Amino acid sequence: MMIWRALTVVSVVLLAGSVSPASAQGFQPECMAKVKQLCGRVSPGRCFQDETLWDSVPARCSGDIQTMIEMEREAGEEQAQSARRKTGGADITDMRGQSYGGVLRSGPSMSSRKLGSLYEGDNINILEDTGVWFNDYKWFRIDTPIGVGFHWGGIFCTESAQRPEGVFSTCGGQPDNEQGSVDETADAADYVRVFYTEPSLSEGVSRENEMFFTNPAIDAIRSNNAASGGCIDTNPFVDAQDYDIDEITRTLTVTANRAANGQMLVEVNFDSFGETKYIVWTLVGSSGYWQVSDIEGSDPGSRLGAIRCN
């Protein structure tokens with residue numbers, strides 16, 4: 001649809017630092033470059049709420065920027081209407097919060113298209129409870145520094161004490177522990193299984209997945225994702241550079257056991273390109289609040305937490 005293409009041009013292309021697709025839509029390259037210079041990763045609609053920025057815009061670019069803002073607004077409205085038709089979601093009025101980081105998506109699911117990445121501490125406005133549950137938390141439509149999209153409730157907090165059901169916690173408060181009796185081994189296995197769905201698997205140890213890790217793995221991941229990084233040569237989820245997602249999905253088995261030291265060891269087996277793989281994930285925490293401390297394959301030197309970037 002035209003409006004979705006417009007949203008891609010205005011938001012995602014700006015974030016990627018590319019102007020050629022926008023030029024194809026009729027925007028002047030110099031105007032796109034000016035918006036990127038003034039707004040960075042912030043969406044044009046949010047950015048130009050600061051009216052003083054218009055003083056820095058050449059007069060010939062005013063029309064292009066106003067069109068970008070209007071396209072962004074229309075795309076957001078259609079996005080909301082489409083999600084509400086599918087999920088029967090409910091509007092939320094005047095509720096603010098903060099993201100713990102992660103992906104902003106075009107719809108309320110892990111398979112929905114990625115619109116951009118949020119940083120830990122990004123301020124958000126919660127617009128709609130979609131009613132869609134995933135791993136004990138709901139998906140919400142939110143307004144963010146990079147535009148409007150969908151964010152999973154397990155990775156943000158609300159500033160209001162009356163937070164909606166399905167949000168991890170109030171900011172600075174405690175997470176919701178009212179989940180009843182949970183089989184922790186089954187919960188840990190389900191937690192790791194999510195990393196083998198196509199979107200999560202393809203993101204690997206990217207910045208979008210950093211929030212799921214703790215030491216020692218997080219040190220290697222952050223070094224890898226730094227400007228001078230790039231020392232992790234394989235995707236540790238599969239202990240390989242390439243994989244067959246269809247074969248993995250077909251053959252995947254995941255089991256978990258609590259170790260004597262309190263850590264949860266999750267064993268993953270699957271086939272990819274005809275080769276059987278065996279991966280062990282080490283989790284710390286408890287049901288609903290797991291973090292990955294390490295991943296190790298069967299090959300020597302494959303332990304993620306032992307990798308050191310120069």
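Okay, let's start with Tyr196. Leaving out its neighbours within four places in sequence, Tyr196 is in contact with Leu201, Phe237, Val238, Ile245, Ile248, Leu252, Val268, Phe270, Ile279 and Trp281. Keep in mind that we're looking at a predicted model here.

As a bit of background, nonpolar side chains in soluble globular proteins tend to be buried together.

Let's talk rings. How many aromatic pairs does the structure hold? The count is 14. I'll show you two of them.

Tyr137 and Phe168 make a tilted pair, with 6.0 Å centre to centre and 55° between the planes. Tyr137 belongs to strand S3, residues 137–144, while Phe168 is in the loop between strand S5 (156–158) and strand S6 (169–170), so this pair ties together parts that are 31 residues apart in sequence. And are these two buried or exposed? Tyr137 is buried, and Phe168 is buried as well.

Then we're back to Tyr196, this time with Trp281. Their rings form an edge-to-face pair, 6.0 Å centre to centre with 65° between the planes. Look at where they come from: Tyr196 is in the loop between helix H6 (184–193) and helix H7 (198–203), Trp281 is in strand S9, residues 275–284, and the two are 85 residues apart. Both Tyr196 and Trp281 are buried. They also belong to a cluster: ring pairs link Tyr191, Phe195, Tyr196, Phe212, Phe213, Phe237, Phe270 and Trp281.

Right, on to the cysteines. We count three disulfides. Quick reminder for anyone new to this: a disulfide is a covalent bond between the sulfur atoms of two cysteines.

Here's Cys31 again, as promised. Cys31 and Cys61 form a disulfide with the sulfur atoms 2.1 Å apart. Why do we call this one left-handed? Because the torsion about the S-S bond is about -80°. This link also joins distant parts of the chain: Cys31 is in helix H3, residues 29–39, and Cys61 is in the loop between helix H4 (44–47) and helix H5 (62–87), 30 residues apart. Cys31 is buried, at 0% relative accessible area, and Cys61 is buried too, at 1%.

Next up is the disulfide between Cys39 and Cys47, again with the sulfur atoms 2.1 Å apart. The angle about this S-S bond is -85°, and the link of Cys39 and Cys47 is left-handed. Cys39 counts as buried at 8% relative accessibility, and Cys47 is buried at 9%.

That leaves Cys157 and Cys171, joined by a disulfide at 2.1 Å, S to S. Which hand does this link have? With 95° about the S-S bond, the link of Cys157 and Cys171 is right-handed. Cys157 lies in strand S5 and Cys171 in the loop between S6 and H6, 14 residues apart. Cys157 is buried at 3% relative accessibility, whereas Cys171, at 27%, is partly exposed.

Okay, that's my tour. Over to you for comments.

Key
Residues are numbered from 1 along each chain as its sequence is written. This is a predicted model: local features need pLDDT of at least 70, side-chain atom pairs count only at pLDDT 80 or more; totals for chains, interfaces and linings use all residues. Side-chain values use heavy atoms; hydrogens and water are left out. Rings of Phe, Tyr and Trp (its six-membered ring) pair if their centres lie within 6.5 Å; planes under 30 degrees apart count as stacked, over 60 as edge-to-face and the rest as tilted. Helices (H or I, at least four residues) and strands (E, at least two) are DSSP runs, numbered from the N terminus. Buried means under 20% relative accessible area, exposed over 50%, partly exposed in between (1.4 Å probe, protein chains only). Contact means heavy atoms within 4.5 Å. A disulfide is a pair of cysteine sulfur atoms within 2.5 Å.
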